[in-house]
Amino acid sequence: MSEKKSVNPVKYFISGGFGGVCTVVAGHPLDTIKVRLQTMPKPAVGELPIYKGTWDCAKKTIQREGVLGLYKGMGAPIAGVAPIFAISFMGFGVGQKLQMKNPDDQLTLIQLFYAGAFSGIFTTSIMAPGERIKCLLQIQQGGTAPPKYAGPVDAIRQLYREGGMRSIYKGTFATMLRDVPASGMYFMTYEFVKRLFLEHSEHGQIGLLATIIGGGCAGIANWLIGMPADVLKSRLQTAPEGTFPNGIRDVFKNLMKEEGPLALYKGVVPVMLRAFPANAACFIGFELCMKFLNILAPNY
């Protein structure tokens, strides 16, 4: 997999979409565990929490709902992930081109961060409703009572009926607050690791190992920055209407009062367990698709 200095946003769009599908397939089970840990209610005095931790949540979910319980809500991200990642990678490509004076310019790390952050703005309009639906489906527990939402389409219908587009897009600002800085770290970290490997490459190429390490490190960097906003977003998007009238500010105040700063990293274990393999899968898919497109249309 060679380092290609020229940036073509169309190729980034197609390759990013393919990489996004790889990400969801690899990482959704741990994402479900993350959301359930983030949104479980605070136990009353003398009561035990619903889940003791990552492993306990996984075990109880499988016991009650089977292995497929870990894949609850995957329909929404699968339907939206290709355009989301496609737009994200395209935004990164556009962000790079806007800062280039010449096609072969190598951007600095801070310029790569800006390009990545720019991509986070691009994706919010699609990401916010997709995240809202995904989280609502993920927190539904298996049991005797039928779930409120039968699936992504039913969730959209009910949310629209209850509050229109405003309800579907609940948590948009919180999503942007997470994705803009996190996307900057994501792409900057991947490119930084790639450059480290290229410096020691005899043929000016990066191999599969470099892609895995670069993608995995990018995922971890992304969530180290984005995790606090993600916790606030998940709580806001799954709360009953009217719980937080001032949005993310009320969520933050309530969380600080009731649970303290450490609650901003609730669910961090499954996030980090998921971050490396899921994002390694993303960039493997991205690089393979990009290589294919460069063979198919080398001068485009």
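Which side chain meets that of Lys-34 in a salt bridge? In this predicted model, the partner turns out to be Asp-31, with N and O sitting 3.2 Å apart. Both residues belong to helix 1 (residues 9–39), where three residues, or about one turn of the helix, separate them.

Another links Glu-131 to Arg-178, whose closest N and O atoms are 3.1 Å apart. Here Glu-131 comes from helix 4 (residues 109–138) and Arg-178 from helix 6, so the contact ties together parts that lie 47 residues apart in sequence. Both of these residues are buried as well. Through shared partners, salt bridges join Asp-31, Lys-34, Glu-131, Lys-134, Arg-178, Asp-179, Asp-230 and Lys-233 into one network.

Helix 6 also has a story of its own. Its 28 residues reach 40 Å from the first C-alpha to the last, close to the 40 Å expected at 1.5 Å a residue, even with a bend of about 25 degrees at Ala-182. On the surface, a nonpolar patch is formed by Leu-109, Phe-192, Leu-196, Phe-197 and Leu-209, with about 420 Å² of accessible area together. Helix 6 (residues 172–199) gives the most to this patch, with three residues. Leu-209, by contrast, sits in helix 7 (residues 208–238) and is exposed, with a relative accessible area of 56%.

Note on methods
Residues numbered from 1 in each chain as written. Predicted model: local features only at pLDDT ≥ 70, side-chain atom pairs only at ≥ 80, totals over all residues. Heavy atoms only, no water. Patch = residues over 30% accessible without salt bridge, like charges linked within 9 Å, V, L, I, M, F, W, Y side chains within 5 Å. Areas by Shrake-Rupley, 256 points an atom, 1.4 Å probe, with all protein chains shown as cover. Salt bridge = Lys/Arg side-chain N within 4 Å of Asp/Glu carboxyl O. Helix = DSSP H or I, 4+ residues; strand = E, 2+ residues; numbered from the N terminus. Buried < 20%, exposed > 50% of the residue type's maximum accessible area, 1.4 Å probe, protein only. Expected span 1.5 Å × (residues − 1). Bend = angle between axes of the 7 residues up to and from the residue.
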